[in-house]
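Biologist: I would like a close look at a single part of this chain. Please keep it brisk.

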Amino acid sequence: MKEPVGEQAGERKAARFEAKAVKADGSFEGYASLFGAEDLGRDVVMPGAFRKSLLKRSARGVKLLYQHEPNEVIGTWEEIAEDARGLFVRGQLLTDVRRAREVLALMRAGAVDGLSIGYHVVKAETDRASGTRRLIEVDLWEISVVTFPMLPAARVSAVKGTRPTTREFERWLMQDAGFSRTEARTIVQRGFKALPAPREAGGGDQALARALRAAARLFIN
């Protein structure tokens, strides 16, 4: 049974990214939210949730902050758009600002690895059986670079035209797709079909297929 939920106070939701491809000039792109992915707070953002909000305010109307602090404006959002995967964002850190330079260094080192949306819930449904809340419409007003993620599956994509290194892809296979180090190295060197047959059996196939499709979306942009 689903229970409608009305407008609530401001909320925040974070997604991890890999800052391996953040450019030296402070430009970067990726996903601040993924549709259909349940985060650690048991929330699922549904396709179209940001549509009305983005029509109401342009990308420049959404603030780029550090750690959700209103006095820590560190750049501008050049593009924010929904696509089939989620909320795609392209931002520019303002390197004339001291804090932005610090954040850029942290991002490029991988020490800060989160994007977090600040929003108000306009419409949502809660499934009483599972406890999952589906966010149907939200009013987006800021996106921050943050330290801690809530959506481990999300990553900022590589800068266009840049492919991941072998080591980066191997790390993704272990951290996100759940392969062992040996399996990850086998995939990198010889392909998925080289894995032992038991990996292909049982109910894990669907989850594995989803993980590999996610890899393709992350690394082919």
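Which residue in β7 is the bridge partner of Glu79?

Modeller: Arg90 is the bridge partner of Glu79. One caution applies: this is a predicted model. Arg90 is also the bridge partner of Glu29. Take the Glu79 side now. Strand β6 covers residues 69–82. β6 and β7 pair in the antiparallel sense, over seven bridges. A hairpin of three residues joins β6 to β7. Then the Glu29 side. Strand β3 spans residues 27–34. β3 also pairs with β7 in the antiparallel sense, again over seven bridges. As for β7 itself, the strand runs over residues 86–93. β7 is mostly covered, with six of its eight residues buried.

Now the setting. The chain has five helices and nine strands. Along the sequence the pattern reads β-β-β-β-α-β-β-β-α-β-β-α-α-α. Of the 221 residues in the chain, 44% are buried. Consider contacts between residues at least 6 apart in sequence: 69% of them join residues at least 24 apart. The accessible surface of the chain is about 11400 Å². Carbon and sulfur atoms account for 52% of that surface.

Just after α4 comes Gly191, with a positive phi of about 95°.

Methods:
Residues are numbered from 1 along each chain as its sequence is written. This is a predicted model: local features need pLDDT of at least 70, side-chain atom pairs count only at pLDDT 80 or more; totals for chains, interfaces and linings use all residues. Side-chain values use heavy atoms; hydrogens and water are left out. Helices (H or I, at least four residues) and strands (E, at least two) are DSSP runs, numbered from the N terminus. Buried means under 20% relative accessible area, exposed over 50%, partly exposed in between (1.4 Å probe, protein chains only). Contact means heavy atoms within 4.5 Å. Accessible areas come from the Shrake-Rupley method with a 1.4 Å probe; for residues, only the protein chains shown count as cover. Two strands pair if DSSP finds at least two bridges between them.
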